[in-house]
Amino acid sequence: MRQSLARAIGGVAMVGLLLGAAACASDDDGGDSTDAAACGSKIAFFGALTGGNAQLGINIRDGAKLAVDQYNKANADCKVELVEKDSAGDPAQASGLATSVVQDAKILGVVGPAFSGESKVANPIMSKEGVVIITPSATNPALADQGDKTFHRALGNDASQGPGLALYMKDVMKVQKTFVVDDASEYGKGLADQVKKTLGSVVTANAVVKEQQTDFGALVTQINSSGADSIFWGGYYREAAPFLKQYRDAGGKAKFVAGDGVKDQAFVDGAGAANAEGAILTCPCVPPEKAGGTFAADYKAAVGRDAGTYSAEAFDAANILLAGIKAGNSTREKLETFVDGYTGQGVTTSFKFQENGEIDPSAVAIWAYKVAGGKIVADQEAPKS
């Protein structure tokens with residue numbers, strides 16, 4: 001029965017089903033159309049709302065919140081609560097937050113964790129207690145190999161992004177010598193390793209920076225001495241912005257390329273629009289303006305700004321969990337069975353989860369974005385490896 005319902009849910013149809021009727025409305029025979037035990041269930045957002053990379057987490061929180069608010073508007077007699085767990089993007093905080101999630105029996109599922117480092121720590125704790133995990137943004141491929149049975153990913157991972165990004169650099173940008181930098185994080189190093197593997201001999205040198213580093217003078221000198229015509233940055237915008245500003249201020253001309261951890265307006269603002277102009281940022285995420293249905297307009301009306309990186313993916317992740325709760329799955333175990341068997345069309349892509357929690361590879365697309373006129377705009381889909 002759950003399988004049949006799941007197949008019926010997709011894109012606008014999925015939202016329509018969620019908004020169609022009160023979840024606990026009575027049938028003509030006096031029975032409930034949905035298990036009353038599902039009323040009052042909770043899902044949690046897990047990610048950074050504070051800290052140097054907070055905007056990425058805020059984008060995700062707001063996408064999930066839009067889904068929950070729409071659901072509750074149509075299901076006023078049987079609402080679902082969104083609980084916010086602010087990790088500040090710090091893996092050191094992930095264990096305590098994950099424990100607080102599992103201790104609240106009403107929390108059936110999580111949209112997140114947002115970053116790969118915190119996911120590595122938190123996922124085993126939550127999965128052991130049956131909490132359903134759908135991350136809209138943590139892209140390290142190794143997360144699917146930890147054995148966390150409730151883990152799901154609502155987008156492609158860096159085993160897709162890295163090669164696609166590298167092929168864009170080689171085939172579209174025609175780079176000849178690339179200097180690779182990573183921040184040693186689970187995400188940054190993992191993506192950089194994928195890029196180096198595909199670029200091969202094009203990589204002329206590499207270096208490692210520290211998270212929260214602010215002085216990049218030595219690195220700037222090293223890159224300028226290398227003769228590189230391009231830089232790949234494996235990490236987040238918190239460090240990428242001041243690095244690029246210092247590099248350009250020192251006369252550096254190499255093209256700048258980075259992954260989804262840098263794809264936020266805060267990067268452009270921090271580096272300076274002129275310094276960031278022409279930068280290429282890739283992401284296994286759909287341009288928000290290309291999301292299906294009325295998502296883009298609904299998000300802007302609710303939040304007051306355009307959807308950001310991973311807002312639409314978070315909206316899809318939350319709606320899958322809400323569809324399961326709508327179907328009467330009032331326990332973590334039942335919701336996990338529903339999500340495992342889910343097939344449907346969201347606003348970003350089609351969803352069908354593999355045994356390891358990844359979505360079907362045919363549903364994965366890697367997009368390249370470009371900084372133009374002080375804004376991040378969609379360029380094209382990256383080549384497929």
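Aromatic pairs come to 13 in this predicted model, counting rings of Phe, Tyr and Trp (its six-membered ring) whose centres lie within 6.5 Å, with planes under 30 degrees apart called stacked, over 60 edge-to-face and the rest tilted. Two of the tilted ones are set out here.

| Aromatic pair | Centre to centre | Angle between planes |
|---|---|---|
| Phe295 and Tyr299 | 5.7 Å | 50 degrees |
| Phe351 and Phe353 | 6.3 Å | 40 degrees |

Phe295 and Tyr299 sit four residues apart, about one turn, in helix H12 (residues 295-303). Helices here are DSSP runs of H or I with at least four residues, strands are runs of E with at least two, and both are numbered from the N terminus. Both Phe295 and Tyr299 are buried, and Phe351 and Phe353 are buried too; that means under 20% relative accessible area, with exposed being over 50% and partly exposed in between (1.4 Å probe, protein chains only). There's also an aromatic cluster, made of Phe216, Trp233, Phe243, Tyr247, Phe256 and Phe267.

A word on the ground rules. Residues are numbered from 1 along each chain as its sequence is written. As the model is predicted, local features need pLDDT of at least 70 and side-chain atom pairs count only at pLDDT 80 or more, while totals for chains, interfaces and linings use all residues, and side-chain values use heavy atoms, leaving out hydrogens and water.

Now the sheet. It's an open one of seven strands in the order S7-S6-S8-S9-S10-S13-S14, and the pairing is mixed. S7 and S14 are the edge strands, each pairing on one side only. Neighbouring strands are turned against each other by 25 degrees on average, direction ignored. Strands pair if DSSP finds at least two bridges between them. S9 (residues 255-258) and S10 (residues 280-283) run parallel and share two bridges, with Ala258 opposite Leu281 in S10.

S13 (residues 367-372) and S14 (residues 375-381) are antiparallel, joined by six bridges. Trp367 faces Glu381 in S14 across that pairing. The hairpin has two residues between its strands, and Gly373 takes a positive phi there, near 60 degrees. Over the face of Tyr369 lies Lys263, at 4.4 Å from the ring centre; the cut-offs ask for NZ of Lys or CZ of Arg within 6 Å of the centre and within 35 degrees of the ring normal.

Which strands does H6 lie across? They are S6, S8, S9, S10, S13 and S14, and H6 runs at about 145 degrees to S10. Helix H8 (residues 217-226) lies across S6, S7 and S8, at about 160 degrees to S6. Those angles run from 0 to 180 degrees between N-to-C directions, using axes fitted to C-alpha atoms, for helices over the stretch in contact, where contact is heavy atoms within 4.5 Å.

The expected span is 1.5 Å times one less than the number of residues. Tyr187, Gly188, Gly190, Leu191, Ala192, Val195 and Leu199 are its buried residues, and they pack against partners including helix H5 (116-128), helix H6 (158-172) and strand S6 (178-182).

H13 (residues 311-326) reaches 22 Å over 16 residues, close to the 22 Å expected. With 16 of the 16 residues buried, H13 is largely enclosed by the rest of the structure. Gly328 follows H13, with a positive phi near 95 degrees.
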